[in-house]
Structures are given as structure tokens and as C-alpha cells.
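Subject: Predicted two-chain model, with notes

Hello,

Here is the structure for your files. Please look at the sequence and coordinates before reading the notes.

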Amino acid sequence: MRIALFVSCLVDSIFPDVGKATVTLLERLGHEIEFPSAQTCCGQMHINTGYQRHALSLVRHHVEVFEPYDVIVAPSGSCVGSVRHQHAMVARRFDDELLARRAEAVAARTYELSELLVDVLGLEDVGARFPHRVTYHPTCHSLRVLRVGDRPLRLLRHVRGIDLVELPEADVCCGFGGTFAVKNADVSTAMLADKMQNVLATRAEVCTAGDSSCLMHIGGGLSRLRTRVRAVHLAEILASDGSPAR
Amino acid sequence: MRVHLGMPTAPPGVGQLRGTEPFPKAARRAVADPQLRRNIGAATRTIREKRAAVVAEVADWEQLRDAGRELKAQVMAGLDDYLLQFEAAATARGAVVHWARDAAEANRIVTGLVLATGHRDVVKVKSMATQEIGLNEALADAGITALETDLAELIVQLDHDKPSHILVPAIHRNRSEIREIFLREMAGVPKDLTDEPSDLAEAARRHLREKFLSAKVAISGANFAVAETGTLVVVESEGNGRMCLTLPETLITVVGIEKIVPTFQDLEVFLQLLPRSSTGERMNPYTSMWTGVTPGDGPQQVHVVLLDNGRTAVLADSIGRETLHCIRCSACLNVCPVYERTGGHAYGSVYPGPIGAILSPQLTGIEDNASLPYASTLCGACYDVCPVKIDIPAILVHLRQQHVEQVSAHHRLPSPEAVAMAAAAWAMATPARWGRAQQLSRVARLLSRRGQISSLPFPLSRWTGSRDAPAPAAQSFRDWWGARASDGP
């Protein structure tokens, strides 16, 4: 299958390994990946901070870039959430019904990674090997905006060598929330402290999730505490063949 | 753009819809109070678990939620007619209906009604509407003593405090703190009072019982007002409300105009949704309903004050409107990870938590509660539990948009945030600019050690105060892809 990769601005700039892992994984499964290099950002940060006027041009750009593709994948629950639940809304706020319909059409073909693997490709065992103790944090937008449910866990359970341990109070937000982490730093930090306590209670070596943004938050806290627990994106685990590259 | 009809918002200077400081500042103090966090954490967890258990028992819960949502949407679409229908039905049954455009007018009406009875003591049923308009303070100014009879509301009143939760106003207090408040503030309380819940309840019972028997005037709110019949409904757990609603001669009810339900039968939906969502009970212990005056039985003077206080302004906003669907169950507070760590006082308004973050700014106008729509991570837990499916995250985003537009309309110079957002949007407009921005951002690698940055300048210092930040990658994904494509995979 020919699949367009919407890598997200955060992965593109800061976590390129997550994008590379997504490519490695899908190519290993026999698919042809295209990276439409004109892509930039879905505009979620602008939308969620109150700058929909700026987001409008980003939405239009995103639609134009991805319109030619039949299947689009992103290694991010929240970016897919924005494409699926916010792009048309932004277009309609500025009375651009045509753009709203085009955005809806692109959104209908855009999948978060675990959705693509399980729903479109019908896979749960992607042939990965990752011999580590891992706990999974279901990010809010994967869980409550996209409703990916247990798809990521089903994928992880098939990973060879993995010791998957349940995260207590897993469905509670880590406190990231985009600009919330800066605007309400004290509350954000208090939420993160509880999340980290739960991660540490599992004695996992790795905390994984389907969003680099939430992992940046949890990982940033774990790094500050010098815990040596790593924040690793789901794509990196699923792409892994067990060699100690990371 | 949508047309703003310019409906009046709740006026400043009266009532309790505005805090004295922005949310992040008040929240900082709350987060630093470990006792407060323990009290609220323990209480919300208990209610959360009870709610989840009783909701799971109902096979058609989702359909009930849809029904609740549809009924409320129907009410909002025809609110003007439903209110007149309610007034006609209640009046026909002997009630006197008053219309209050705002808090000041409602307070004036209620104060006048109490003064006209010649009595100076009133008993009160727990009511958010009367907290919203600051009725107790207005009554006190007129020499009238109002006694809260809901146990938690009484605790808050005795402590000269403010409610911190819609349903459990004293949720920020534990039982030993409540014992201290009783010993300090409640006349005639035994000196050997323990902090056993049954002991505390008994002390409150003795304190209140005397007042119930002597009170001639009661003031309540209402959970529902049935347009078809003119019936008012109060849902409660303790029975203290029932005492107030039945024993006095005069009953004055302040009810927000959004509390209308079309028909008596529609209550079947809400009386299933409300107790399970709020207290986590299958059915609440006391549901009191009254329709005007019943000769020889119960209050013989029945007044209803229909309160606007900014609600019509909320109704005028096609996106924000569904905020008025709220039935004040407070399920959203109990699941909110922000509320759980700050408690209710940080929100300033009597309406805290996720629903408060969308209701208060709309009632007052966004300028007076501008920090509240940002008091959320948009995690969506509130939307999942809302019994009438109010899309709280979407409305938070909508209000942030309103705030930004309003700031830019009223200031000649853009805020630093607006400049940063415009710059980001400019850089993201084309891949060429975006690639150059990525190159520039790599300067930050100079600050990093092993890929992590531990200190950044303001405002990003608010991130690095407690968290490391990742450095931009030496090679972006797009550069890697470009190199790979030219090399061949």
C-alpha cells in the first residue's frame, strides 16, 4: 500500500527517530512510504491557544499537501485528532465551507499509527522484538479524541521479549496540554509528578505512548529526576528488531 | 464570523462569578497546600469510583445521555416560549413569578419579599443560583439572617469560607477540620465532639432542627422547572431541603432560566442522569416537587424568581450555548485532573472545574475571567462523563479564540504570545521557511547536554523549572528523508 507520512512538526524537528521508526516499520511490512515534503504543521497549537486565524492558512496548506493521497498516517494521536476534529471547524469559523469539506475528506483518510496497523492493515503482530520492561501511557487525545482504545496495547502484547506492565491510573492526563504546560506550569508539574510516580511504581525501563508531545513532557520530567527511565514512542518499539540501537 | 447580539452579561460588583486573581496565580497557592490536595484527591477519587460503578449498571446510559442532550437543545431553541409557559402554569397554581435580569435585580426582589413578610430569619436550601448572585450578603445588608441548611454548605457558612465544589461545597475540608469549625462556630456544641461523621451530623442536626421548626421563610434554588406544569424540583440527599420546602409559610425559589424542562415526563431522563452522575447513587434520597400553592399544605406564599444574569448572552452564542445544558451534577469536577490538584477556590467563581471554566467567562464576558478557558489540558475527561454531553473541550477552545480576538481588538500592540504565534504561523506557511526555522532552532543545541536542555529563558523557564526540554535534532526528519531519497533507500 502507498502510504503518505504526516510526520508532525515536533517529530520532524525534535524527534526525527520517531519518523524514521515509522518508515522502518511500514517498509518492513511491505508498504511504500511517501513523505510529502511540503508539509509543515497541522496548526493544533494555534487552534488550541486561540489563534485560529493563523491556523486557517496552516489547515489550507495541510489539506493541499495531503489531498492527493489515499492513506495518510501520523505517529501522533493529537495531530490526527486535530485533523479529524478541528480542521473543518476552523474552516467553518471563517465561512470556508469548501475547505471544510476538503478537510473532512482528508481527515477521513488520515490515521494514527495504531489505527492504521490494526484497522487498515489488519495487524497486531508487526514482527517487533523489544526485550525491555515497558509501561504504556494512553495519551488523552488517542484515548478520548480518537478512541484508539486498546489497539496500541494489542500491538505491544505481540512484541517479542517485551515485559509489558500496566500503568496505574493510566488514563489520567500527564499535565502537558500544549501551552498549558507553560501557562499553568505549577498545576502541570503537579500532574506530571503524579504521572511519574505511577510510571516509577511499575519499575519499567521504558514509558511508551503514541504522542511525542506527551512523551516530551513525561520524558523531560523523568530526565530531570535522573531516573534513567526512558520515554520511547510506540513506533520505535514496533520498529525495533531487538538490536540495542536505542 | 458569527454575529454577536450584544446581550448583557452578569454585572460586576455583585455576586460571586469573578475571582480576585488569575487562575494560575491562585492555583499555585492551592498546589502548594498538601493538606488541600489530599482532601480533594481522596474525596474526588471516592465519588469518581462510585459514579463509574453505578453508571456501568445502566445498559442504555449512552442513549440516556443523548436524550438529555436533545431535550436541553430543544429547551434552548424555544426557551422564550417555555419560560412564558412556565410562568402561566405556575401562576395558575398560585405561585408569583418574578423576572430578574441580573444578580442585583434578583437580590432586590428576594430581599423585598422577605422584608414584606416581617420576618428577619430565613432558612436556605443549598442553591448554586443564590451563591452566584451573592444573595446571603445582600440579605445580610438588609438585616436578614440566612441560615444554610445543607450540611456542607453550613460548614462553609460557619467557617466564613466559600464553597469549593458544586455538589460538595466543603470538599476541601476533612472531618477533623470540620470538627474544629463546629467547636469554634456552632453555639451549644458539646465540648467532647469527636470527628466521627455520625457525631458531626448529629451536632448539625441539633443545630438545624430548632431553626426548621421556627423558620417562617425559606429560600431555595431548583434543579428543574417544568414548563408544562409550572412544577419546581429539588433533588437532595439529606432531607434538610425537604424541611425548608415544606415547613415555612413563605417559599422563595431563585432559578436560572436554563433550568426549564419541557414536560413532566422529561424528568424521567434527568432524574436518572443526575443522581448517578453527581453523588454516584442510583437514586437520591429526597426528590421534592411543588407546583404553586397547595391550600392548607406547605408554604402558602410561593414565589419564583427567574434569573438571567448573563444566561441570555450565553444563549446567543451558537457554540457556547450548550453550556446552558448543564444540570450541575459536578461529574466533570470529580474527573478533572486540574480541579483535583487545585480545588475550587482557584477558579474564583462559585462555578469551579471544567464547567466553571466555560460557564463563568460566558456569564461575565470573557474579559473578566480570561484565564479560566486556559485552566485545562483539553484532556477530555469532562466530556466523557458529562450526562448531557456538553463538549467542554471544544467550548474551551472557542473561548480561547474569543479571548485572543478580544485582546487584539482592544490593544494596539500585539501581545508577546500573539507575536510568537504569528511568527510560528509565518514560518510554517511554506516548507522552505520551515526548513530554515529548523536550522535556526538548532542554535539551542548549544544549551544542551546529552540532548537535554535544563534551563531556558522566560517564558520557557516555566517549562524548564521542573522539566528538561529536548534539544532540536542535529538532522531533521525532512533532511534525513531528503538525504535518503538522494542516496536511495
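The model is predicted, so local features need pLDDT of at least 70 and side-chain atom pairs count only at pLDDT 80 or more, while totals for chains, interfaces and linings use all residues. Residues are numbered from 1 along each chain as its sequence is written, with chains lettered from A and ligands numbered from 1 in the order in which they are written.

Domains

Chain A is assigned domain 1 (2-120) and domain 2 (133-239); domain bounds come from an automatic or database domain assignment. The centres of these two domains, taken over C-alpha atoms, are 22 Å apart. Their contact takes 25 residues from domain 1 of chain A and 22 residues from domain 2 of chain A, where two residues are in contact if their C-beta atoms, placed from the backbone, lie within 7 Å. On the domain 1 side, α1 (9-13), α2 (16-28), α3 (44-49), α5 (77-85) and α8 (113-120) of chain A each supply at least two residues. Helices are DSSP runs of H or I with at least four residues, strands are runs of E with at least two, and both are numbered from the N terminus. The largest share of that side, 6 residues, is from α2(A). By class, the side has 12 nonpolar, 10 polar and 3 charged residues. Here Ala, Val, Leu, Ile, Met, Phe, Trp, Tyr, Cys and Pro count as nonpolar, Asp, Glu, Lys and Arg as charged, and the others, Gly among them, as polar.

Chain B is divided into domain 1 (1-179 + 213-412) and domain 2 (416-487). Their C-alpha centres lie 45 Å apart.

Contact between the chains

In the contact between the chains, 51 residues of chain A meet 50 residues of chain B. The elements giving two or more residues to the chain A side are α1, α2, α3, α4, α9 (140-145), α11 (180-183), α12 (185-201) and α13 (212-224) of chain A. The largest share, 7 residues, comes from α12(A). The classes on this side are 25 nonpolar, 20 polar and 6 charged residues.

H54(A), S57(A) and L58(A) make the contact from α4(A), and M421(B), A422(B) and A425(B) from α19(B). This contact has 4 nonpolar, 2 polar and no charged residues.

Nonpolar core

A nonpolar core is a set of buried Ala, Val, Leu, Ile, Met, Phe, Trp, Tyr and Cys residues joined through C-beta atoms within 7 Å. A residue is buried if 20 or more other C-beta atoms lie within 10 Å of its own, exposed if 12 or fewer, and partly exposed in between. The largest core has 228 residues, of which I218(A), V122(B), A218(B), L307(B), C332(B) and I392(B) touch the most other members. The largest share of this core, 7 residues, comes from α12(A). Leaving aside neighbours within four places in sequence, I218(A) is in contact with residues including L192(A), M196(A) and V199(A).

Backbone geometry

Most residues other than glycine have a negative phi, and most peptide bonds are trans. S8(A), not a glycine, has a positive phi of about 80°; S8(A) sits in the loop between β1 (2-5) and α1 of chain A and is buried, with 28 other C-beta atoms within 10 Å. D95(A) has a positive phi of about 60°. This residue is in the loop between α6 (87-93) and α7 (97-108) of chain A and is exposed, with 10 other C-beta atoms within 10 Å. A cis peptide bond, with omega about 5°, joins F458(B) and P459(B). P459(B) lies in the loop between β11 (452-453) and α21 (461-464) of chain B.

H325(B) is in the loop between α13 (311-315) and α14 (331-335) of chain B and counts as buried, with 20 C-beta neighbours inside 10 Å. H325(B) and R69(B) are 256 residues apart in sequence and 7.1 Å apart in space, C-alpha to C-alpha.

Regards
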